[in-house]
Amino acid sequence: MSLGGFQSGFSARKVPRSEVRWGQFLICNHGCEEVIQLISHVSGEVEFELCKIEAERMAHVLLEASKTERL
């Protein structure tokens, strides 16, 4: 299931854990059944994978960073 893309050259999709490309590097000890993959528009390859919980944490960190004043 494609979730759309980013101007930076990546799109995201959600897949069952059984379709993880880089399982040995997946940061998830929550037992999540679905994984979000970031796909390069250039190569078409999976560049990054994280579970829903870690994706939500990353999104929160990025949103907070975008709101802070630059020092």
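Analyst: This is a predicted model, where local features need pLDDT of at least 70, side-chain atom pairs count only at pLDDT 80 or more, and totals for chains, interfaces and linings use all residues. Residues are numbered from 1 along each chain as its sequence is written, and side-chain values use heavy atoms, with hydrogens and water left out.

User: How many salt bridges does a search of the whole structure find?

Analyst: A salt bridge here is a side-chain nitrogen of Lys or Arg within 4 Å of a carboxyl oxygen of Asp or Glu. Searched as a whole, the structure has four.

User: Which strands does the salt bridge between Lys-14 and Glu-34 tie together?

Analyst: The closest N and O atoms of Lys-14 and Glu-34 are 3.8 Å apart. The two residues are 20 apart in sequence, so the pair ties together separate parts. Strands are DSSP runs of E, at least two residues, and helices are runs of H or I, at least four, both numbered from the N terminus. Lys-14 lies in strand 2 (residues 10–16) and Glu-34 in strand 3 (residues 34–40).

User: Where do Glu-54 and Arg-57 lie?

Analyst: Glu-54 and Arg-57 form a salt bridge, with the closest N and O atoms 2.7 Å apart. They sit three residues apart, about one turn of the helix. Both lie in helix 1 (residues 52–67).

User: What is the relative accessibility of Lys-67?

Analyst: Lys-67 meets Glu-64 in a salt bridge, at 3.8 Å from N to O. About one helical turn of helix 1 separates the two. Glu-64 is partly exposed at 36%. Lys-67 counts as exposed, at 60%.

User: Which side chain of opposite charge is nearest to Glu-49?

Analyst: Lys and Arg count as positive, Asp and Glu as negative; His and the chain ends are not counted. Glu-49, in strand 4 (residues 46–51), is buried yet has no salt bridge. At 7.1 Å, the nearest side chain of opposite charge is Arg-13.

User: With which side chain does Glu-49 make a polar contact?

Analyst: A polar contact is a pair of N or O atoms within 3.5 Å; within protein, one must be able to donate a hydrogen and the other to accept it, and residues adjacent in sequence count only if both atoms are side-chain atoms. The backbone nitrogen of Trp-22 lies 2.7 Å from a polar atom of the Glu-49 side chain. The side-chain partner, at 2.8 Å, is Gln-37.

Note on methods
Buried means under 20% relative accessible area, exposed over 50%, partly exposed in between (1.4 Å probe, protein chains only).
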